[in-house]
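Please keep the sequence and the structure in view while reading.

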Amino acid sequence: MSIFQAILLGILQGLTEFLPVSSSGHLAIIKNLLHINLDSGMLYDVLLHVATLIAICIVFFKDVVKLIVEFFMIIIDIFKNIGIFFGNLFGRRDEAYIQLTYNSYRKFVVLIIVSTIPTGVIGYLMQDIAESAGAGMMVPGICLMISGGILLIADRTEKGRKKPKETTYLDAFTIGMCQGVATLPGITRSGTTVTACLLLGLERKFAVKYSFIMSIPAILGALILQIKDIGNVSLEAGEIAGYIIGMIVAAAVGFVCIKIMMAIVQSRKFKPFAFYCLIVGAVSVIGALIMM
C-alpha cells in the first residue's frame, strides 16, 4: 500500500464513518477499484476505525470521562448491593438497596451496555459474511442503496423528546440490533443508528451523541476480534508508515465530520446523502455487473 493510498483511505474513512454514507462500503468499493490488497484482511479497516474512535473521544471527551467514571461507580454499587443482600439475609436487617441508575449518565451507561449486547452478537456472527461481501462491489452497492432509503426515512422523522431517563432498555436493544446489521459493507452505521434513535423518539442532539458513543465498545470489540490476525501479519516499513498516516488523517477528518453530522441531524438535511448513497450504490452495482 502506497502513501497516497493510505492518505486516500484515511480521508475516505474520516468522511464516511461519521457522515451517513457508510465507511465500510466506500472502503470496499475503493479497494476493489484501485486493486488495493492488504495481507492483513480487515485489520487496516479496524485500525482506521480506531482512529475515528479517537476523534469521538475528543469531541465527546467530557461525556466519555463521565460515562467511564459512572460505569466503575455502578460496579462498586453492585458489590455494595450484594453486601446489603447478604447482610439483610443473615443479619436480619432491612437495609435499602442502592439505586444503580439514579442520574442520567448512569442510565446512559446501562443503555450503552444493553445496545452493545445485540451489536456484539450480530457482529460476531456476521464477521465472515461481512468480510466476504466486501471482496466485491455488488453487495456494498446494494447496501448503499438500502442506506439511501434509510436516510430518506430519517429525513421525515418528527422531533423526538426522549433523553437518557426516558429512553427504555427495549429502545437501546433495538438500536444495538441496527448497529449490528450495519456490519454489512454499505449499510451506514451512523445513518442507521441515528435513524433508529429518531424513529424511537430520542431527542435529536441525544440521538447523535448516543449513535457515536455507542460505537466505542463496538469498535473496541472489532479490534479485539482482529488481534489474533496481527501475529500472523508481516508488514514492511512502508506499510507501517502507511497505516500510521492513514490513522492520523482519518482521525483529523473524522473530528470535523462529527461536527458536520451534528448539524445535519439538527437540521434534518439527510436527502443529499440519501441521493448520494442511491447513486453511488447504483453505479457500484452496474460496475460489478460489467466486470462479471
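Which residues in α8 meet which residues in α9? In this predicted model, Ile175, Cys178 and Gln179 of α8 are in contact with Arg189, Thr192, Thr193, Ala196 and Cys197 of α9. Helix α8 spans residues 169-181 and helix α9 spans residues 189-199. Their axes lie 9 Å apart, and the two helices pack at an angle of about 160°. Angles over 145 degrees count as roughly antiparallel, and α8 and α9 are therefore roughly antiparallel to each other. The crossing of α8 and α9 is right-handed.

Helix α10, which covers residues 204-213, is mostly covered, with 8 of its 10 residues buried. Among the buried residues of α10 are Arg204, Tyr210 and Phe212. Phe212 also belongs to an aromatic cluster, together with Phe18 and Phe60.

In the whole structure, a search finds 8 aromatic pairs. One of these is formed by Phe71 and Phe72, whose planes stand at 75°, so the pair is edge-to-face. Phe71 counts as partly exposed because its relative accessibility is 33%. A further arrangement involves a charged side chain: Lys107 lies over the face of Tyr169.

| Residues | Arrangement | Distance |
|---|---|---|
| Phe71 and Phe72 | edge-to-face pair | 5.3 Å between ring centres |
| Lys107 and Tyr169 | Lys107 over the face of Tyr169 | 5.3 Å from the ring centre |

Key. Residues numbered from 1 in each chain as written. Predicted model: local features only at pLDDT ≥ 70, side-chain atom pairs only at ≥ 80, totals over all residues. Heavy atoms only, no water. Phe/Tyr/Trp six-rings, centres within 6.5 Å; stacked < 30°, edge-to-face > 60°. Buried < 20%, exposed > 50% of the residue type's maximum accessible area, 1.4 Å probe, protein only. Lys NZ or Arg CZ within 6 Å of the ring centre and 35° of its normal. Helix = DSSP H or I, 4+ residues; strand = E, 2+ residues; numbered from the N terminus. Axes fitted to C-alpha atoms, helices over the stretch in contact; angles between N-to-C directions. Parallel < 35°, antiparallel > 145°, perpendicular 65-115°, else oblique. Left-handed = near helix turned anticlockwise from the far one by under 90°. Contact = heavy atoms within 4.5 Å.
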